[in-house]
Amino acid sequence: MTTHIAKSLEQLINTEDPGWPLVVEWLRAATKPVAVVPVDRARGDATLIALQVTTRSPLGAIALESGAILFDSGWVRLLGGGHGDAAGDLARWNGLGARPLRAPMQGALIVAYDVLGGFFALNGGAFGSDSCNVFYFAPDSLEWEDLERGYGDFVNFLCVGDLARFYADYRWPSWERDVAALKFDQVFSIHPPLWVKEGKDIDAQKRAPVPALEAFELQLEMAKQIASLPEGTAVRMVVK
């Protein structure tokens with residue numbers, strides 16, 4: 001039996017070849033508004049220790065050097081080491097450390113989410129693939145989709161990729177103003193939801209802020225319930 005000894009903070013911080021300068025290079029090349037939220041240093045340290053990845057990697061560098069990173073005026077929120085009153089960070093979202101938000105997701109690491117309630121997770125075997133790609137839990141299908149990008153490539157895509165095209169069907173005229181009013185830990189609850197036939201017209205849907213964790217757990221439960229239903233089955237939603 002192999003015993004894994006946790007590395008100390010000093011062992012995880014790579015001073016010879018740190019990953020943060022590369023991340024900064026990506027951010028400077030961004031083609032849309034990007035904001036790096038300052039990290040609470042104690043939380044950043046604790047997050048890095050909980051993750052047990054070195055700062056040579058973009059993941060470890062972002063955990064230590066940023067509280068979070070907001071892309072495209074806050075439409076996508078990349079988790080970092082934590083900041084301010086925000087509950088979420090890379091450790092807490094993944095059931096790690098002293099104050100987890102939820103149980104760990106076996107074989108995957110949640111790394112980001114968007115304001116529609118879509119979530120991004122780094123694969124570690126959970127999605128029936130050997131790839132270490134980022135997968136997207138799409139709110140319009142309630143399925144995990146392979147983005148065919150590793151973590152670093154995913155972060156770079158958030159900087160320079162065509163997010164307007166990625167979200168083409170789900171942006172409304174006042175989205176920038178509405179997103180600016182959201183707290184970091186919030187996403188929009190959309191009714192009718194995007195995954196039903198009646199929920200495809202984003203301009204006609206009702207939107208209200210809800211905790212991101214609440215949205216994620218609800219959508220995972222709905223995905224589980226409808227997974228075995230034949231396509232076209234009528235679904236009656238009861239919100240309590």
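I'll start at a turn. Strands β6 and β7 form a hairpin with four residues between them, and Leu-142, in that turn, has a positive phi of about 55 degrees. Please keep in mind that this is a predicted model.

To find one of them on the screen, go to Tyr-136, whose bridge partner in β7 is Glu-145.

Now the sheet as a whole. How many strands does the open sheet have, and in what order? There are seven, in the order β1-β2-β3-β4-β5-β6-β7, and the pairing is antiparallel. At the edges are β1, residues 34-37, and β7, each of which pairs on one side only. On average, neighbouring strands of this sheet are turned by 25 degrees against each other, with direction ignored.

Further along the sheet, β3 and β4 also run antiparallel, and three bridges join them. Here Leu-78 has Ala-112 in β4 as its bridge partner.

Seven of the eight residues of α4 are buried, so the helix is mostly covered. The buried ones are Pro-58, Leu-59, Gly-60, Ala-61, Ile-62, Ala-63 and Leu-64. What do these buried residues pack against? They pack against the helices α2, α3 and α5, and against the strands β2, β3 and β4.

Let me take the α2 partner separately. The axes of α2, residues 20-28, and α4, residues 58-65, come within 8 Å and cross at roughly 85 degrees. That angle lies between 65 and 115 degrees, and therefore the two helices count as roughly perpendicular to each other. From α2, the contact uses Trp-20, Val-23 and Trp-26; from α4, it uses Pro-58, Ala-61, Ile-62 and Glu-65. By class, that gives six nonpolar residues, no polar ones and one charged.

Helix α5, residues 151-160, is mostly covered as well, with seven of its 10 residues buried. Among them are Tyr-151, Phe-154, Phe-157 and Cys-159.

That cysteine brings me to the last item. Is Cys-159 buried or exposed? Its relative accessibility is 0%, which is under the 20% cut-off, so Cys-159 counts as buried. Cys-132, by contrast, has a relative accessible area of 56%; this is over 50%, so Cys-132 is exposed. The structure holds zero disulfides.

Terms used: Residues are numbered from 1 along each chain as its sequence is written. This is a predicted model: local features need pLDDT of at least 70, side-chain atom pairs count only at pLDDT 80 or more; totals for chains, interfaces and linings use all residues. Side-chain values use heavy atoms; hydrogens and water are left out. A disulfide is a pair of cysteine sulfur atoms within 2.5 Å. Buried means under 20% relative accessible area, exposed over 50%, partly exposed in between (1.4 Å probe, protein chains only). Two strands pair if DSSP finds at least two bridges between them. Axes are lines fitted to C-alpha atoms, for helices over the stretch in contact, and angles run from 0 to 180 degrees between N-to-C directions. Angles under 35 degrees count as roughly parallel, over 145 as roughly antiparallel, 65 to 115 as roughly perpendicular and the rest as oblique. Contact means heavy atoms within 4.5 Å. Ala, Val, Leu, Ile, Met, Phe, Trp, Tyr, Cys and Pro count as nonpolar, Asp, Glu, Lys and Arg as charged, and the others, Gly among them, as polar.
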